Amino acid sequence: MNNYWIQKKLSDLDWGILAICLVLFTVGLIALNSATLESSGGYFGNNFHKQILWGLLGLTGLFAIYFLEKKVLFEWSYLIYGVVLVLLVLTLFFGTGAGSSRWFRLGPIQFQPSEFMKIALILALAKYLSSYRLNIQNPQTLAIPFLLTLFPTVIVFQQPDLGTAMVYIAILFPMLFWANVPLFYLFAILAPFVSIVTAFNFVTFAIWIGILLVVLYFSRRPLFLSVFHFIGNVSLGLVTPLLWSSLKEYQQTRILTLFDMSLDPQGSGYQVLQSQTAIGSGGMWGRGIGQGTQTHLKFLPEQHTDFIFSVVGEEMGFIVVAVLLVLFMLLLLRITYLASEARDKFSGMVLMGVGSLLFFHVAVNIAMTIGLMPVTGLPLPFFSYGGSFLVMSFAAIGLLLNSNSERIE
């Protein structure tokens, strides 16, 4: 690493992306400081200090990844995935957490391997899908990316952490689309999930089966393959009641509360109702930093983690919320543009993976705080308190900045 190479890397750095992330992190720190004011005993409480330290560590990781040679990331992708996967397996036996086994504790420090699996999965999928010898038109080639996603998904689901398991799946499909996997294959893969969801109502399930028949007919696939898809989806719809009963009671409640929050006004519905009240009470300009009644009277649960966006809405108001949404949108649009202009296929896949990761976290977190989606426990990037998640978020930005810099030789 010589001075010329360092200067070249710095000149290639997308300062716009870095600036957006730093602005988001700064606003997140202000909201977190207010949200933890009473619990910490002052404006400089423990959680606030910890978040700053995690942020500095994350920025260090961002630049460390950015200055790595891209070919190193490419060559180490499967190794990184394997190491993190082993850590995930070990959490099932040695992990800690309230009612779960998600964290490893090393003295005063604890970390969550499932967060770092998001980056490891992106790298592994990008390496596989960018292989020049890969025949993407062959359905058998999809087995590997699905297995790469399935292993961590099953493990994380057992921890249990349904939200993070959903993130892994949300990363997979956009990357398959970006790799030019035929749309029929993606339809066939997503069809079982639609069959399960629609099976709760006879009419919706009948309509879905009709759509399935039309698509299978016009796809002109081999007859045995179409029959296999049809029978498989109908069977899934019929066994859905069994799948539903296998969910834990709190998971069922969260899903049902999405459609009727009055079903659990003191439980899952309580979180969303208080969050909506907080955001709505902020009005156009907000109540002021440290002046939110929902936040400081402790009506708003998990206000420093999952519901930090509600604190922003209550204390900073609609204008700040709108600006933040625009910043997130600009960040995602920039990533999509960079993916379309990527200098090599591996970089394009990595950029799309990171973009999918950020989009899913932002969309689901904000949607759940305003009652459009079930409470899944997904944090908001650069806002929610949590060391592993914040470090992972900055590392993901470092990965996309690296992907936009040089070409793999």
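## Start at the bent helix

Select α5 and look at Trp 76: a kink of about 55 degrees is centred there. The bend at a residue is the angle between axes fitted to the seven residues ending there and the seven starting there. Before going on, some housekeeping: this is a predicted model, where local features need pLDDT of at least 70, side-chain atom pairs count only at pLDDT 80 or more, and totals for chains, interfaces and linings use all residues. Residues are numbered from 1 along each chain as its sequence is written, and side-chain values use heavy atoms, with hydrogens and water left out.

Keep α5 (residues 70-94) selected and check the distance between its end C-alpha atoms: they sit 34 Å apart, which agrees with the 36 Å that 25 residues should span at 1.5 Å a residue. That expected span is 1.5 Å times one less than the number of residues. Helices here are DSSP runs (H or I, at least four residues) and strands likewise (E, at least two), numbered from the N terminus.

Now colour α5 by burial. Buried means under 20% relative accessible area, exposed over 50%, and partly exposed in between (1.4 Å probe, protein chains only). The buried residues of α5 include Lys 70, Leu 73, Tyr 81 and Leu 88.

## On to the salt bridges

Which residue does Asp 14 pair with in a salt bridge? Pick Arg 334: the closest N and O atoms are 2.9 Å apart. The rule is a side-chain nitrogen of Lys or Arg within 4 Å of a carboxyl oxygen of Asp or Glu. Asp 14 lies in the loop between α1 (3-12) and α2 (15-35), and Arg 334 in helix α15 (residues 308-340), so this pair ties together parts 320 residues apart in sequence. Asp 14 is buried at 10% relative accessibility, while Arg 334, at 34%, is partly exposed.

Next, select Lys 118 and Glu 115, whose side chains meet in a salt bridge at 2.6 Å, N to O. Both lie in helix α6 (residues 113-129), three residues apart, about one turn of the helix, and both are buried.

One more stop: Lys 71 and Glu 69 form a salt bridge with closest N and O atoms 3.9 Å apart. Lys 71 is partly exposed at 38%, and Glu 69 is too, at 36%. The count of salt bridges comes to five.

## Zoom out

Show the whole chain as a cartoon: there are 17 helices and two strands. Of its 409 residues, 50% count as buried.
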